[in-house]
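Keep the structure open beside you as you go.

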Protein chains: 2
Amino acid sequence: MIGRLNHIAIAVPDIAAASRLYQGTLGAEVSAPEKLPEHGVTVVFITLPNTKIELLEPLGEASPIARFLDKNPDGGIHHVCYEVEDIGAARDWLVTSGARVLGSGEPKIGAHGKPVLFLHPKDFNGALIELEQA
Amino acid sequence: MIGRLNHIAIAVPDIAAASRLYQGTLGAEVSAPEKLPEHGVTVVFITLPNTKIELLEPLGEASPIARFLDKNPDGGIHHVCYEVEDIGAARDWLVTSGARVLGSGEPKIGAHGKPVLFLHPKDFNGALIELEQA
């Protein structure tokens, strides 16, 4: 079912400093920061030859990464995103398999404008997994 | 400097159960487990179209992932590995930039038989980064 690794998301407390680190120290191709208020994050894309890294900084009062940064003030690897062909079919199969989908259980439109859902980390060895219909 | 994402490593308490989950529930291509006593882990490779995931279970008394699993009993995303062309040049540049290399500071032969080094997560937004000479 899971296809390409779409991205790895890293939560950071200071996206300007993190961008300088990835661009300067690690020599990567780093985008300008983009505010996504409807998702509660500011995002920077790091383009690697085979996938991308997304740096996420909390934006606004109800950011979904605020609690993670409270627990991990330096930041940390927040989630991995795999592509699937059909998010509805994936959701149905996962629920049948006993895996928990976060939130309402319905796919939402994610930060790339495509349908996504998140799986409960307790059901996947502590790893937060996002599925995106590619 | 950093090139392809070589792999994401996920530490798991039970690699047989985790393999069933990735193969059965997530429908991924999963290898047989391989014991690497000199690295203190049993590893399973999950092949995605553009990169791979490595599941790691502690092996032996001095496993480098034992403490991580003490803190995260369900498991979790442990590190990301980026490829570099010249690990010696990468190390010299990183040290000049003020980043800390873990251990002796000298590259070691990693689980794929290639020179690797690990960077201090405190210097990279809480993310443990492995560099591998591809």
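Buried means under 20% relative accessible area, exposed over 50%, and partly exposed in between (1.4 Å probe, protein chains only). This is a predicted model: local features need pLDDT of at least 70, side-chain atom pairs count only at pLDDT 80 or more, and totals for chains, interfaces and linings use all residues. Residues are numbered from 1 along each chain as its sequence is written, chains are lettered from A and ligands numbered from 1 in the order in which they are written, and side-chain values use heavy atoms, leaving out hydrogens and water.

**Exercise 1.** Find the salt bridge of B:Glu106 and describe its surroundings.

Solution. Start with the rule: a salt bridge is a side-chain nitrogen of Lys or Arg within 4 Å of a carboxyl oxygen of Asp or Glu. B:Glu106 meets B:Arg91 at 3.1 Å, N to O. (Helices are DSSP runs of H or I, at least four residues; strands are runs of E, at least two; both are numbered from the N terminus.) Finally, check accessibility: B:Glu106 is partly exposed at 47%, while B:Arg91 is buried at 16%.

**Exercise 2.** Which residue pairs with B:Asp74 in a salt bridge?

Solution. The partner is A:Lys122, with the closest N and O atoms 3.1 Å apart. Both residues lie in loops, one in chain B and the other in chain A, so the pair joins two chains. B:Asp74 is partly exposed at 33%, and A:Lys122 is exposed at 54%.
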